[in-house]
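Try each task on the display before going through its solution.

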Amino acid sequence: MQLGINLGYWGAGMDADNLTVAREADRLGYAVCWAAEAYGSDAPTVLSRVAAETERIDVGSAILQIPARAPAMTAMTAATLDTLSGGRFRLGLGVSGPQVSEGWYGVRFDKPLARTREYVEIVRRAMSRERLAFEGEHWTLPLPGGPGKPLKLTVHPVRERIPLYIAAIGPKNLEQTGEIADGVLLIFFAPEHAEETTLRHLRAGRERIGADLTGFDVVPTVPLAVGEDLDALADQFRPYTALYVGGMGSRKQNFYNRLARRMGYEREAEEIQDLYLSGDRDGAAAAVPRELIDSTTLIGPVERIADRMRAYADAGVTTLSISPAGFGLEERLASVRAAVTALERAGLA
């Protein structure tokens, strides 16, 4: 199992520190450094800077938002980043959520599975440098009856096939991801619930193309905090968990709330959502079960974290991307280093 580092969103006042964290992860042999985007910083600009500041670590988008870009532009961006980084780019895609898609980009959040399938197909064709022509429900290239003609990408990526990941949570999305992608980007992944919530759906998708999970990259992002006081460490992640389970999307379309329910927290997920949407964010955070936090984070002394890393590896994780807790640089660097120590003690390095 390899290690990744997730820098999250840029522009939160820790930009210089994020570069230091990325350089340290590169020095320590981390496999990949991910950056995210929502409706603030964009991921490609951040990844360009990270690639310029590092030597070996891959740089990955977690995620590039599908409603934000035409698929051909995403292919151009991926090819450019792969060239600039010397073949170190990983393309992570996702549909985002209805609030961002419709409120920020003005793109209807309809038929996300079909839209993703077409998008990936167009991106693959463009990145392979074939002349781009596509006729689907959501995109038609070139447009009929006009001057457009099939064009070919002029940039030559370093690799023939840039790894493509999809952020997936729901069963149908996971199944499709197993079918059309090279890897999956996960959040709130619990080893104890991995088979029923995630792996069986990925496996079903792989079976559609006559494959299994061999070589398919399973990549959860997992918050990490090192220390002795487990309750205090868990409390750090209560607002984060409450935000996703209670406040992401709408009451009818909250994928993280549905995931918590599939993990057995039906009553708790409903309570968290009710409190969060009523404006009681502190109450929502307090309502998050300690067991949910413990199963979806890495907290405690290094030896305890090593035990949990073994559980992630046993559950089928191939790249464990950590999100170090805290806003202080030294605290975050200590977490980055502790993860390497824990991986070694777990016998997984």
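**Exercise 1.** At 15% relative accessibility, does Asp58 count as buried or exposed?

Solution. Take the cut-offs: buried means under 20% relative accessible area, exposed over 50%, and partly exposed in between, with a 1.4 Å probe and protein chains only. Asp58, at 15%, therefore counts as buried. Before going on, note that this is a predicted model, in which local features need pLDDT of at least 70 and side-chain atom pairs count only at pLDDT 80 or more, while totals for chains, interfaces and linings use all residues. Residues are numbered from 1 along each chain as its sequence is written, and side-chain values use heavy atoms, leaving out hydrogens and water.

**Exercise 2.** Which residue forms a salt bridge with Asp58, and which parts does the pair tie together?

Solution. Step one is the rule: a salt bridge is a side-chain nitrogen of Lys or Arg within 4 Å of a carboxyl oxygen of Asp or Glu. By this rule the structure has 27 salt bridges. Step two is the partner: Asp58 pairs with Arg90, with 2.9 Å between the closest N and O atoms. Step three is the location. Asp58 is in strand E3 (residues 58-61) and Arg90 in strand E5 (residues 89-94), so the bridge ties together parts 32 residues apart in sequence. Helices (H or I, at least four residues) and strands (E, at least two) are DSSP runs, numbered from the N terminus. Arg90 is buried, at 8% relative accessible area.

**Exercise 3.** How many residues apart are Arg308 and Glu192, and how many apart are Arg310 and Asp307?

Solution. Begin with Arg308 and Glu192, whose side chains meet in a salt bridge at 2.6 Å, N to O. Arg308 belongs to helix H14 (residues 302-314), and Glu192 to the loop between strand E9 (183-187) and helix H7 (194-208), 116 residues apart. Arg308 is buried at 14%, whereas Glu192 is partly exposed at 47%.

Now take Arg310 and Asp307, which form a salt bridge at 2.4 Å, N to O. Both lie in helix H14, 3 residues apart, about one turn of the helix. An α-helix has 3.6 residues a turn, so residues three or four places apart point the same way. Arg310 is partly exposed at 29%, and Asp307 is partly exposed at 46%. Elsewhere, salt bridges with shared partners join Arg117, Glu175, Glu179 and Arg208 into one network.

**Exercise 4.** Which way do the residues of E5 point, and in what sense does E5 pair with E3?

Solution. First, the sides: Phe89, Leu91 and Leu93 point one way from E5, Arg90, Gly92 and Gly94 point the other way, and all are buried. E5 is thus mostly covered, with 6 of its 6 residues buried. Second, the neighbours: two strands pair if DSSP finds at least two bridges between them. E3 and E5 pair in the parallel sense over 2 bridges, and the bridge partner of Gly60 in E5 is Arg90. Strand E4 (residues 64-65) also pairs with E5 in the parallel sense, over 2 bridges, where Gln65 stands opposite Gly94.

**Exercise 5.** What span should helix H1 (residues 15-28) have at 1.5 Å a residue, and what covers its buried residues?

Solution. The expected span of a helix is 1.5 Å times one less than its number of residues. For the 14 residues of H1 this gives 20 Å, and the end C-alpha atoms are 20 Å apart, which agrees. The buried residues of H1 are Asn18, Leu19, Val21, Ala22, Glu24, Ala25 and Asp26. What covers them includes strand E1 (2-6), strand E2 (32-35), helix H2 (43-53) and H15, where cover is counted by contact, meaning heavy atoms within 4.5 Å. Gly29 follows H1 and has a positive phi, near 90 degrees.

**Exercise 6.** How many residues has the largest nonpolar core, and which helix gives the most to it?

Solution. A nonpolar core is a set of buried Ala, Val, Leu, Ile, Met, Phe, Trp, Tyr and Cys residues joined through side-chain atoms within 4.5 Å. The largest has 72 residues, and those with the most contacts inside it are Ile5, Tyr30, Leu91, Leu298 and Met309. Helix H15 (residues 329-345) gives the most, with 7 residues. Among the residues that Tyr30 touches are Ile5, Ala25, Val336 and Val340. A second, separate core of 27 residues includes Ala242, Tyr244, Val245 and Ala325.
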